[in-house]
Amino acid sequence: MPTHELHTTLINVAKKDLRLAKLAASEDDPYVEGVCFHCQQCAEKVLKAYLIYNGIKYKFIHDLKMLLQECEKIDNTLSGFETHCQILTGYSTDMRYWDDSEIDVKEMFEAIDLAEEVLNFVNDKLFK
C-alpha cells in the first residue's frame with residue numbers, strides 16, 4: 001500500500017478499534033481488559049499514522065510514549081498527550097502478558113476518553 005494511503009487506513013482502523021471498545025463497554029458485564037486493549041491500539045495506530053503522514057518511519061513498538069516523542073519532534077502541540085500515552089501503553093502489555101493488576105470500569109471509561117482525545121486531535125491535524 002502506498003505510504004500516502006497508509007496513514008488514512010491506520011486512522012480508519014483506529015476509529016474501528018475505538019468503536020469496538022465503546023460497543024464492548026456498553027455491555028452489562030464488559031470485558032474491561034479487552035476494551036482497554038482496543039483503546040491502546042487506537043492510540044498506537046493514530047500516532048503511527050501521524051508519523052507516516054509526515055514521512056517518518058516508526059519502530060515496531062507498542063510504547064505510546066516513545067511514539068509520541070517522535071511525533072513531538074514534528075509538532076510539539078502533541079506534548080499534551082504524555083499522560084494519555086503513559087496510561088494507555090500499559091493496556092497493551094496487560095493483555096499480552098496477563099498482568100495481575102485489575103482494571104475497573106471507571107478506568108475502562110477513562111481509557112475510552114483518552115483514546116478518543118488522541119484520535120480526534122490527530123485526525124483534525126491530518127484531515128482539516
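## Lys125 and its partner

Let's begin at Lys125, which is partly exposed because its relative accessible area is 33%. Here buried means under 20% relative accessible area, exposed means over 50%, and partly exposed falls in between (1.4 Å probe, protein chains only). The side chain of Lys125 meets that of Asp75 in a salt bridge, at 2.7 Å from N to O. A salt bridge, in this report, is a side-chain nitrogen of Lys or Arg within 4 Å of a carboxyl oxygen of Asp or Glu.

Helices (H or I, at least four residues) and strands (E, at least two) are DSSP runs, numbered from the N terminus. Asp75 has a relative accessible area of 15%, so Asp75 is buried.

## About the model

Please keep in mind that this is a predicted model, in which local features need pLDDT of at least 70 and side-chain atom pairs count only at pLDDT 80 or more, while totals for chains, interfaces and linings use all residues. Residues are numbered from 1 along each chain as its sequence is written, and side-chain values use heavy atoms, leaving out hydrogens and water.

How many salt bridges does a search of the whole structure find? The search finds five. One of them joins Asp17 to Lys45, with the closest N and O atoms 2.5 Å apart. Leaving aside neighbours within four places in sequence, Asp17 is in contact (heavy atoms within 4.5 Å) with His38, Gln41, Cys42 and Lys45.

Glu70 and Lys73 form another salt bridge through their side chains, at 3.0 Å from N to O. Both lie in helix H3, three residues apart, about one turn of the helix. Glu70 is partly exposed at 31% relative accessibility, whereas Lys73 is exposed at 64%. Lys57, in the loop between H2 and H3, is exposed, with a relative accessible area of 83%. From C-alpha to C-alpha, Lys57 and Glu70 are 9.8 Å apart in space, and they are 13 residues apart in sequence.

## The nonpolar core

A nonpolar core is a set of buried Ala, Val, Leu, Ile, Met, Phe, Trp, Tyr and Cys residues joined through side-chain atoms within 4.5 Å. The largest such core has 37 residues, and Cys39, Val46, Leu47 and Leu88 touch the most other members. Helices H1 (3–25), H2 (32–53), H3 (64–74), H4 (82–97) and H5 (105–127) are the elements that give two or more residues to this core. H2 gives the most, with twelve residues.

Which residues is Leu47 in contact with, leaving aside its neighbours within four places in sequence? They are Leu64, Leu67, Leu68, Cys71, Cys85 and Val118.

## Aromatic pairs

Rings of Phe, Tyr and Trp (its six-membered ring) pair if their centres lie within 6.5 Å; planes under 30 degrees apart count as stacked, over 60 as edge-to-face and the rest as tilted. By this rule there are two aromatic pairs. In the pair of Tyr58 and Phe60, the ring centres are 5.6 Å apart and the planes stand at 70°, so the pair is edge-to-face. Tyr58 is partly exposed, at a relative accessible area of 22%, and Phe60 is exposed, at 76%.
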